[in-house]
Amino acid sequence: MKRNRISLILVGSLLTAALALGGCGNTAPATPSDTSPTSAAASASTSAEATPEATPEATPAKLVFLNGTAEMVDFWDNWFKAYNESNTDGITVEHQFQKEATKTLQVMMASGSAPDLIACSVTQDMLDNGKLVDLTDAGFWSTLNPAVKEFCTDAKSGRAFAVGTMQGAVGLYYNKAIFTELGLKPANTWAEFVANLTVIHEKKPDIDPFYMGGKDGWMLSHLAEYTFQAVAKQKLSYSAQQKAMLANDLATLGWDASPDGALATLANDLSALKKDGLINANVVTATYDNQTTAFATGKAAVISQGIWAAGDIQKKNADTSFVGFCQYPAILDGAKPAIGSGVDGLISLSAESTAKDAAMKVLEAILQPDTLKAISEARKAPSANPAVTSDWGYLKDQVGQVLSDPSIASVTWTTYPSGFTGDDSGRLFQELFAGKYAAPADFAKAWTDAWMNGASK
């Protein structure tokens, strides 16, 4: 647990620094000409009155930036528009968004058309097969919190193939006004969680106690990662859990099909929520927008989301005084409640790019302080650079309190095999809610079989 403890201390330091430095700022994308090292060099050349003959002509480079984060589509559209217009390196970047970006990335790599910059989850086989640029020795790490590099380092090779732009947190949003009115408090155990939802269902029948977005697999996958998977993650050190996932060692992780295991327990618990009317009836078809709208308008008391959803909730209801943020309840006796915590906004470079130097220049521009400030404020999350002053949102204090609470386990994301992604895991939970499985153990077997089948691809 020592290494995990160190990781949490470092992550806590990142958050503390971000909170201490918080201030007002403009959420518009930073101007790339102000951040790009080559732009600065161009300015220096001008001030030195260099002749046109002394300045080599920039080699044109057309790059593709693949983004899998819907909340950042507008941001990246605007940022790259400004970058393309202002950089002096002859670089133009096309921003592409894909809802299931990891799957799209796999297809693009298989067809020899990999994007140059990648802002979505990557698979272990991409790392193992040299598909990504090794960023371990890049100079930009010195400007970031050390925890960022640790969480970006592949446990198998000990090398870093991505860099994070911000600190993430995934948990439960809850309506503080409803909880206060009904005398409720955030739950630490699943029994307490169900008791809260039952009171809300009985006292406020027009409100969905727990609204789940299930149409997009990643939302249900998050719920799994920080409930049943959190049991193993809080018992094992960061290094041990990552190695077990990479080795597909489900026995060590406790992710098996036993009727009393963590996976079957969660399946049983979720099925009971549906049976008792404690979740929304349209869970399988509900979108992210449906979910955040229901919560923002007081039609849902609790939702599962990351801190990135705070901005969308605020857009739908300017009065955010009712918004609370808390931990996921523990689903097994002896386990702690958990919060998803780690580095977010990961960016990698494709090793198959024909313009890797240009891609690195773009990445370095993105990692400049003013761009990281803009990302932090757009995504409503603290920056990966502790020196960045950003007003990243109204949840700062609450998120800081949860992450610093020693009674709550901070756990990071799951490393899935290449043939079984988080989206695939989420789709199995869709099937659970659709009534496909006769018993929780049947679901658990289907899930573990899917993991192992995916590992063999």
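Among contacts (heavy atoms within 4.5 Å) between residues at least 6 apart in sequence, 78% join residues at least 24 apart. The protein holds 21 helices and 10 strands, taken as DSSP runs numbered from the N terminus, with H or I over at least four residues for helices and E over at least two for strands. Of its 457 residues, 54% are buried, where buried means under 20% relative accessible area, exposed over 50% and partly exposed in between, with a 1.4 Å probe and protein chains only.

The model is predicted; local features need pLDDT of at least 70 and side-chain atom pairs pLDDT 80 or more, whereas totals for chains, interfaces and linings use all residues. Residues are numbered from 1 along each chain as its sequence is written, and side-chain values use heavy atoms, with hydrogens and water left out. The mean pLDDT, the predictor's confidence in each residue on a scale from 0 to 100, is 87, and 87% of the residues reach 70 or more. Over residues 1-55 the pLDDT is below 50, and this stretch has 95 contacts in the model beyond near neighbours in sequence.

Two packed helices are described by the angle between their axes and the distance between the axes. The axes of α9 (residues 190-203) and α14 (residues 262-275) come within 12 Å and cross at roughly 10°; axes are lines fitted to C-alpha atoms, for helices over the stretch in contact, and angles run from 0 to 180 degrees between N-to-C directions. The two helices α9 and α14 are therefore roughly parallel to each other, a term for angles under 35 degrees, with over 145 counted as roughly antiparallel, 65 to 115 as roughly perpendicular and the rest as oblique. On α9 the contact is made by W190, F193, V194 and L197, and on α14 by D269, L270 and L273.

Helix α14 has 14 residues, which should span 20 Å at 1.5 Å a residue; its end C-alpha atoms are 20 Å apart, in agreement. The expected span is 1.5 Å times one less than the number of residues. Buried residues of α14 include A262, L266, D269, L270 and L273. The buried residues of this helix pack against α9, β5 (208-211), α10 (217-225), α11 (228-235), α20 (422-433) and α21 (440-455). After α14 comes G277, with a positive phi near 70°.

N248 has phi near 55° and is found in the loop between α12 (238-246) and α13 (250-253). K380, with phi of about 60°, lies in the loop between α18 (369-379) and α19 (396-403). K380 counts as buried because its relative accessibility is 17%.
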